[in-house]
Amino acid sequence: MPQPEHVSIYDLPDPADLDDETRAYFEICVEKLGMVPHVLRTFSFNQDKLRAFSQYYNTLMLAPSRLSKLEREMVAVVVSSANRCFYCLVAHGQAVRRLSGDPQLGEMLVMNYRVADLSERQRAMLDFAWKLTTAPAEIVEADREALRAAGLGQDEIFDLADVIGFFNMSNRFAIASDMMPNAEYHAMDRDAG
């Protein structure tokens, strides 16, 4: 049974009605990804907020960091698993499959990251992501110390907290918007090689 066909609850502007900057951005998405992610289409409801969201996302997830792109995507999936955000689980699960080359890893992170064979560093990061998402008031110095013991420096802990916070926000927006992932994500990067 296929997922619902809508993008989100919003009446989205016709592509011809988008401003030049947004149309150019969407053309780059099609060129690089083969599609415009539904999160961006949803944010086109307010093009100023689309620009702010995109700039923050691109800085957070694509810019240089001592957290690898895979680690950032793994955190996105675990946060989204805790929040049961369908859009982000599908979209970022696909990114984990692509970046890791492992079609099973994304599924394990979606269902229960604890079953995955992770490094000490990855386990500490995902434990922190889960706890900060599910019980934020219970975060104490021992939780940050576990990250340090796994080798994370201050800059990495900063970036980790930033990714966790962003995906908690975006999960809530996606859920409130009844946002559906692009159907293409479901089949991408499933070959084991």
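This is a short tour of a predicted model, one selection at a time.

**Before you start**

Residues are numbered from 1 along each chain as its sequence is written, and side-chain values use heavy atoms, with hydrogens and water left out. Because the model is predicted, local features need pLDDT of at least 70 and side-chain atom pairs count only at pLDDT 80 or more, while totals for chains, interfaces and linings use all residues.

**Stop 1: two cysteines**

A disulfide is a covalent bond between the sulfur atoms of two cysteines. Here the term means a pair of cysteine sulfur atoms within 2.5 Å. How many disulfides does this rule give? The count is zero.

Now look at the surroundings. Buried means under 20% relative accessible area, exposed means over 50%, and partly exposed is in between (1.4 Å probe, protein chains only). Cysteine 85 is buried, at 1%. Cysteine 88 is buried too, at 4%.

**Stop 2: an arginine in a loop**

Move to arginine 84. It lies in the loop between α4 and α5. Helices here are DSSP runs (H or I, at least four residues), numbered from the N terminus. Most residues other than glycine have a negative phi. Arginine 84 is not a glycine, yet its phi is positive, about 55°. Buried or exposed? Arginine 84 is exposed, with a relative accessible area of 70%.

Jump to aspartate 189, in the segment after α9. Its phi is also positive, about 60°, although it is not a glycine. Aspartate 189 is partly exposed, at 32%.

**Stop 3: the aromatic rings**

Show the side chains of Phe43, Phe53, Tyr56, Tyr57, Phe166, Phe167 and Phe173. Ring pairs link these residues into a cluster. Rings of Phe, Tyr and Trp (its six-membered ring) pair if their centres lie within 6.5 Å; planes under 30 degrees apart count as stacked, over 60 as edge-to-face and the rest as tilted. The whole structure has 10 aromatic pairs.

Zoom in on phenylalanine 43 and phenylalanine 173. Their ring centres are 4.6 Å apart and their planes meet at 25°, so this pair is stacked. Phenylalanine 43 is in helix α2 and phenylalanine 173 in helix α9, so the pair ties together parts 130 residues apart in sequence. Phenylalanine 43 is buried, at 10% relative accessibility. Phenylalanine 173 is partly exposed, at 26%.

Next, pick phenylalanine 53 and phenylalanine 166. This pair is tilted, with 5.5 Å centre to centre and 35° between the planes. It links helix α3, which holds phenylalanine 53, with helix α9, which holds phenylalanine 166, across 113 residues. Both phenylalanine 53 and phenylalanine 166 are buried.

**Stop 4: a leucine and a valine**

Stay in helix α3 and select leucine 60. Leucine 60 is buried, at 8%.

**Stop 5: a charge over a ring**

Select arginine 114 and tryptophan 130. The charged end of arginine 114 sits over the tryptophan 130 ring, 5.2 Å from its centre. The rule asks for NZ of Lys or CZ of Arg within 6 Å of the ring centre and within 35 degrees of the ring normal.

**Stop 6: the pockets**

Rolling a probe the size of a water molecule over the atoms shows where empty space is left. A pocket is an open set of points on a 1 Å grid over the protein atoms alone, where a 1.4 Å probe fits, with protein on both sides within 12 Å along at least five of seven lines; lining residues have an atom within 4 Å of a point. A volume is the space filled by probe spheres set on the points.

The largest pocket has a volume of about 770 Å³. Its lining has 32 residues, and Leu33, Pro37, Tyr57, Leu62 and Tyr185 lie nearest its centre. Which helix gives the largest share? It is α5, with eight residues. By class, the lining has 22 nonpolar, five polar and five charged residues. Nonpolar covers Ala, Val, Leu, Ile, Met, Phe, Trp, Tyr, Cys and Pro; charged covers Asp, Glu, Lys and Arg; the others, Gly among them, are polar.

Finish at the second largest pocket, about 230 Å³ in volume. Its lining includes Leu12, Arg23, Phe26 and His38. Helix α1 gives the most, three residues.

Terms used: Helix = DSSP H or I, 4+ residues; strand = E, 2+ residues; numbered from the N terminus.
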